[in-house]
Amino acid sequence: MATALITHAACLEHDPGPYHPESPDRLRAVLGALEAPEFSGLVREEAPRATVEQLVREHPARIVDAILAMRPEEGDTVNIDADTAMSSGSAEAALRAAGAGVLGVDLVMRGTVNNAFAAVRPPGHHAEPSRPMGFCLFNNAGVAAQHARAAHGLTRVAVVDFDVHHGNGTQALFAQNPELFYGSSHQFPFYPGTGDMWERGIANNIINVPLRERDGSAAFRNAWAGTIIPALEAFAPKLLIISAGFDAHREDPLAQLRLETDDFAWVTDALLAVARTHCEGRVVSMLEGGYDLEALAASAAIHVRGLMNA
C-alpha cells in the first residue's frame, strides 16, 4: 500500500525572521529531496486547514483565537517569545501544518494509504495547551491524536518523538490521559528543560529517555530498543504518530548529539514493526526539527524511504 506525502505551499510563508534557524529553506530542502525518482510513488496530498473545532481539542479557544488573529503586515514579525515569531503568513501555515496531521489520520484510518509523512512547518511538539513556544504555534501531533480519538473512536493513540529536544508540549497534553502515550529520546539537560526519566504521566504513559551531550548511535538505539519500544509494545497503540525531528544528527548546529543518517532509518524500521503488530501498520509521521539543511534532507529522505518500504 502507498505512502502519502502531505504538504502545502502556505507552510513556506511562515517567516520568523532573518537568520532564524526555523526557516522556509528547511521545508524546501525536505521537499527537494523527495522529488528524487525513487519517491515518484508517493501519493501527494495538499494539507487542508485544521478547523477551530479540531484545534480546541488540544488548545483553549482563547489561544487558538489569539494565534489566528495575529497577522502582522507583510514583511513584519511579532515575537511571541525569544524563539517564536509570527509573520503575515504564519497563521495560515500553522493551520495547514495541523491540518496535515488530521488528513494523515483520516487517510490511514480509511485504508487509503498505509502511512503518511506530513512535510510541514511550523513544527509543533513544544506547543503547550496554553502557550506557543520553541518555534511551535499549535501542537500538530497532539491535534492529530485527538482527531483520531474524536473522529475515529480510537482509545489508544501513541506519539513517539526522536527530535533532539524534548516535546514538552506533547507531554503536557498527554500526561493526564491514560489513553494517550508519549515516548521520547532527547538531549538532556537541554531546551526546554523537561523530559527527565522520572516524568511518567498518570499511568506510566510517558516514557522519557534522556541522552547526554555527545551521545551517538549506540546510546540512541539502546534508548529505543531497551526502553521506549518495549513500553510502546505494552501500550499496544491503535495508531502511531511520529514526531520526526532530525536535529539529533551529528551535523545539526543547534544540539550536541551525534546520530548518523542511518540511525533514522533504523528507528523508522523499528517503529514500523510495532505498527504492523498493533495497529495494522497505521503510522502518521510529522516533521519537527532539523536545522542543517543537507543532513535534514538526507535524514527525512531515508525516513520516508522506510515508510514506503513498510
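Me: Buried means under 20% relative accessible area, exposed means over 50%, and partly exposed is in between, using a 1.4 Å probe and protein chains only. With that settled, how many residues of α4 are buried?

Reply: Of the 21 residues in α4, 20 are buried, and that is why the helix can be described as mostly covered. Please keep in mind that this is a predicted model, in which local features need pLDDT of at least 70 and side-chain atom pairs count only at pLDDT 80 or more, while totals for chains, interfaces and linings use all residues. Residues are numbered from 1 along each chain as its sequence is written, and side-chain values use heavy atoms, with hydrogens and water left out.

Me: Where is α4, and how far does it reach from its first C-alpha to its last?

Reply: Helix α4 covers residues 90-110 and reaches 30 Å between those two C-alphas, close to the 30 Å expected, where the expected span is 1.5 Å times one less than the number of residues. Its name comes from DSSP runs numbered from the N terminus, with helices (H or I) needing at least four residues and strands (E) at least two.

Me: And what follows α4?

Reply: Gly111 comes after it, with a positive phi near 80 degrees.

Me: Which residues other than glycine have a positive phi?

Reply: Tyr19 is one of them, with a phi of about 70 degrees, and it sits in the loop between β1 (3-7) and α1 (24-33). Another is Ala236, whose phi is near 55 degrees, in the loop between α7 (217-235) and β9.

Me: Are those two buried or exposed?

Reply: Tyr19 counts as exposed, at 84% relative accessibility, whereas Ala236 is buried, with a relative accessible area of 17%.

Me: Switching topic, which peptide bonds are cis?

Reply: A cis peptide bond joins Arg121 and Pro122, with omega at about 5 degrees, and Pro122 lies in the loop between β5 (115-118) and α5. The bond from Phe188 to Pro189 is cis too, with omega near 0 degrees, and Pro189 is in the loop between β7 (180-187) and β8 (206-211).

Me: OK, now the rings. How many aromatic pairs does the structure hold?

Reply: The structure holds seven, where rings of Phe, Tyr and Trp (its six-membered ring) pair if their centres lie within 6.5 Å, and planes under 30 degrees apart count as stacked, over 60 as edge-to-face and the rest as tilted. The rings of Phe162 and Phe264, for instance, have centres 5.7 Å apart and planes at 45 degrees, so that pair is tilted.

Me: What parts does the pair of Phe162 and Phe264 tie together?

Reply: Phe162 is in the loop between β6 (157-161) and α6 (168-174), while Phe264 is in helix α8 (residues 261-278), so the pair ties together parts that are 102 residues apart in sequence. Phe264 is buried, with a relative accessible area of 0%. The rings of Phe246 and Phe264 also pair, with centres 5.1 Å apart and planes at 80 degrees, so this pair is edge-to-face. Phe246 is in the loop between β9 (239-244) and α8, 18 residues away from Phe264. Ring pairs link Phe162, Phe220, Trp224, Phe246 and Phe264 into a cluster.

Me: How many disulfides are there?

Reply: The count is zero, taking a disulfide as a pair of cysteine sulfur atoms within 2.5 Å.
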